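Please look at the model below with its labels in mind.

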Amino acid sequence: MPLSKTEWLALEKKANELRELTLETTHWAGSGHIGGGMSVLDILTVLYHKYMKLDKNDPDWEDRDRCILSKGHAAIAYAPVLCDFGFNDVEMLKTFNLSGSKMGMHLDSTKIRGVDASTGSLGHGLPIAVGTALAARVLGKDYWTYCILGDGECDEGSNWEAAMAAANFKVTNLISFVDRNRCMIDGRTEDVMKLEPFADKWTAFGFIVKEVDGQNIKELCEAIDFAHENKTDKPVMIICNTKKGAGIDFIEDDYLWHYGAFDDEKYEKAKESLKKYYAGRVARAEKEGE
Amino acid sequence: MAGGLTYTSVDSTTLSTAEIYGKALVELGRAHPEVVALTADLAKSTKIGDFLKEFPDRFFNVGIAEQDLFGIAAGMAKAGLVPFLSTFSIFASMRAADQLHTDLCYQNINAKVIATHSGTSFGQAGSTHHAICDLAVTRSIPNLTVICPADGYETYNAVMKAYETPGPFYIRINRGFDRVLYKDADYGYEVGKAVEVHEGTDITVIACGSCVFQALEAAKFLDENEGIKVRVLDMHTIKPIDKDAILKAVMDTRRIITVEDHNIVGGLGSAVAEVVVESGKACAFKKCGIEDKFAPIGLHEDIMSMLGIDSTGIINAVREVMKKDFEEDDNWDDDM
């Protein structure tokens with residue numbers, strides 16, 4: 001079922017609200033992983049607001065779809081998504097990163113409702129997601145497991161252990177994403193540790209690979225629809241080409257904004273930038289939507 | 001016998017400890033459909049092949065990939081399964097330490113690590129395969145229950161208790177045949193409660209794993225030949241440690257020796273020492289184990305002898321500690 005223009009625009013509106021809430025959370029917290037938070041937000045938006053089967057009143061519902069955010073440092077965006085969704089009080093975001101808060105820069109699955117795995121140490125999410133997906137098979141359940149990796153974390157060997165397992169066990173109820181923003185803490189991914197030919201690597205490990213613009217909701221939805229309809233015995237990896245800090249023009253695509261602080265002036269500038277960015281996104285949806 | 005145990009002493013002498021674990025796992029698998037077994041190319045070595053034969057759809061061999069082993073188990077447990085994952089202790093505690101720490105323990109999930117070939121029990125394989133740091137690593141991770149059973153029966157009991165008790169467990173067992181300590185599994189095993197396997201009032205030997213049998217042999221010899229009354233505690237649970245049993249030993253015997261097939265840094269000896277020192281009571285104390293060096297290569301029993309953690313080594317340690325003077329400034333009437 002192709003994404004209608006109405007639905008596209010609704011998802012753009014939600015994505016914009018979540019970008020604004022992420023920015024606000026960064027401001028409240030004083031600092032945060034804003035770059036990677038902004039790059040992954042569209043993926044989170046389409047999962048939580050179009051695809052995932054969830055019960056707002058019961059985050060632990062056993063038949064729910066799972067989302068394992070392997071790039072756990074994107075909690076600065078993930079926490080707003082989970083609060084806005086209704087799993088946690090939005091007021092909690094005002095305590096993000098503060099002493100004594102339940103909500104730190106990597107979310108704790110035992111403290112924050114709706115978090116399917118405590119991540120932060122990189123290279124952990126895909127193995128966990130493979131386990132969650134295999135469990136559905138053992139338990140006879142039909143939930144989907146989604147896993148979102150950062151590109152920099154693909155340096156970790158454990159991802160490739162899990163990639164082999166996903167292909168070996170034919171884990172087709174798992175849909176994986178890489179937030180390919182091409183930045184990591186010390187520089188650009190291709191300068192620090194080359195990932196390319198990145199898609200070929202996943203293909204060689206036994207995945208069907210789709211490459212999309214990770215800041216294009218329509219493309220994201222088409223790739224997820226493709227993965228849902230996959231009838232082969234290979235798992236699907238969606239490489240999402242994104243921009244670190246997407247929507248905030250003065251930090252966009254700059255690896256130095258892996259983690260940063262916004263004073264009041266920068267915060268106001270970022271808000272203005274997000275408005276313009278949203279307008280552009282809406283215009284694209286209006287033009288390209290059907 | 002406890003818990004529907006079907007083994008006899010014949011089984012315990014004809015089956016290695018790991019084989020008994022393999023049988024116990026099959027029993028659990030039959031009773032509980034949510035039990036799954038995982039390994040990293042060590043199904044044969046860790047003796048979980050019986051589970052594979054009976055429950056092929058609940059058995060996962062992830063290849064030689066321990067980090068993946070732990071991550072997959074964590075994901076399965078998160079979804080409601082009860083994974084038992086088995087690999088060698090050295091890899092379970094160190095190759096996958098980050099996953100043990102974060103995926104299993106931080107999330108406090110219900111997964112059970114059965115770590116085989118512990119201590120120096122894979123003797124001839126050398127230090128790449130000796131696990132002499134695993135107790136130090138695992139007992140410092142919050143939420144994790146750490147158990148080192150003394151023989152096959154105790155392994156059976158520990159595995160069953162691990163299933164019954166929510167949360168992550170690390171159970172370290174040996175590679176081969178352990179000397180049989182208990183006559184059956186029905187001796188009131190409780191997690192966190194030491195078992196007094198020999199009464200004594202002169203000195204207490206606190207041991208774990210295969211060293212408990214050696215301590216018992218030493219105690220019998222010393223009683224018969226030298227009139228030294230040695231209390232022997234099977235301290236199977238390294239964490240949470242049985243503080244009451246240690247404090248009682250301090251007050252009753254004032255002399256304690258710990259014996260473990262592990263580095264003397266960070267393992268059972270350190271755990272006991274922490275309790276003794278915090279008690280504020282004078283107590284002669286000696287740790288027997290691997291003296292912060294890599295262990296020699298050889299048969300397990302030979303290595304234990306070389307390390308002084310066999311019965312002869314323990315007898316010598318008892319004689320040494322019995323000569324120690326420690327009580328002159330202490331008030332024997334203090335309350336515990």
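The questions below take up helix packing, a charged pair and an interface.

This is a predicted model, in which local features need pLDDT of at least 70 and side-chain atom pairs count only at pLDDT 80 or more, while totals for chains, interfaces and linings use all residues. Residues are numbered from 1 along each chain as its sequence is written, chains are lettered from A and ligands numbered from 1 in the order in which they are written, and side-chain values use heavy atoms, with hydrogens and water left out.

Q: Why are H1(A) and H2(A) called oblique to each other?
A: Helix H1 (residues 5-29) and helix H2 (residues 34-51) of chain A pack at an angle of about 140°, with their axes 9 Å apart. Angles under 35 degrees count as roughly parallel, over 145 as roughly antiparallel, 65 to 115 as roughly perpendicular and the rest as oblique, and therefore H1(A) and H2(A) are oblique. Axes here are lines fitted to C-alpha atoms, for helices over the stretch in contact, and angles run from 0 to 180 degrees between N-to-C directions.

Q: What makes Lys50(A) and Glu7(A) a salt bridge?
A: A salt bridge is a side-chain nitrogen of Lys or Arg within 4 Å of a carboxyl oxygen of Asp or Glu, and the closest N and O atoms of Lys50(A) and Glu7(A) are 3.0 Å apart. The pair links distant parts of the chain, with Lys50(A) in helix H2 of chain A and Glu7(A) in helix H1 of chain A, 43 residues apart. Over all chains the structure holds 37 salt bridges, but across the interface of chain A and chain B the rule finds zero.

Q: Why are H10(B) and H11(B) called oblique to each other?
A: Helix H10 (residues 243-253) and helix H11 (residues 268-279) of chain B pack at an angle of about 60°, with their axes 10 Å apart; by the angle rule H10(B) and H11(B) are therefore oblique.

Q: Which residues of H10(B) and H11(B) meet?
A: Lys243(B), Ile246(B), Leu247(B) and Val250(B) in H10(B) meet Val272(B), Val275(B), Val276(B) and Ser279(B) in H11(B), where contact means heavy atoms within 4.5 Å.

Q: How much area do chain A and chain B bury between them?
A: Buried area is the accessible area (1.4 Å probe) that two parts lose on being put together, summed over both, and for chain A and chain B this is about 2000 Å², 60% of it on carbon and sulfur atoms. His124(A), Val138(A) and Glu161(A) supply 27% of the area that chain A buries against chain B, more than any other three residues.

Methods: Helices (H or I, at least four residues) and strands (E, at least two) are DSSP runs, numbered from the N terminus.
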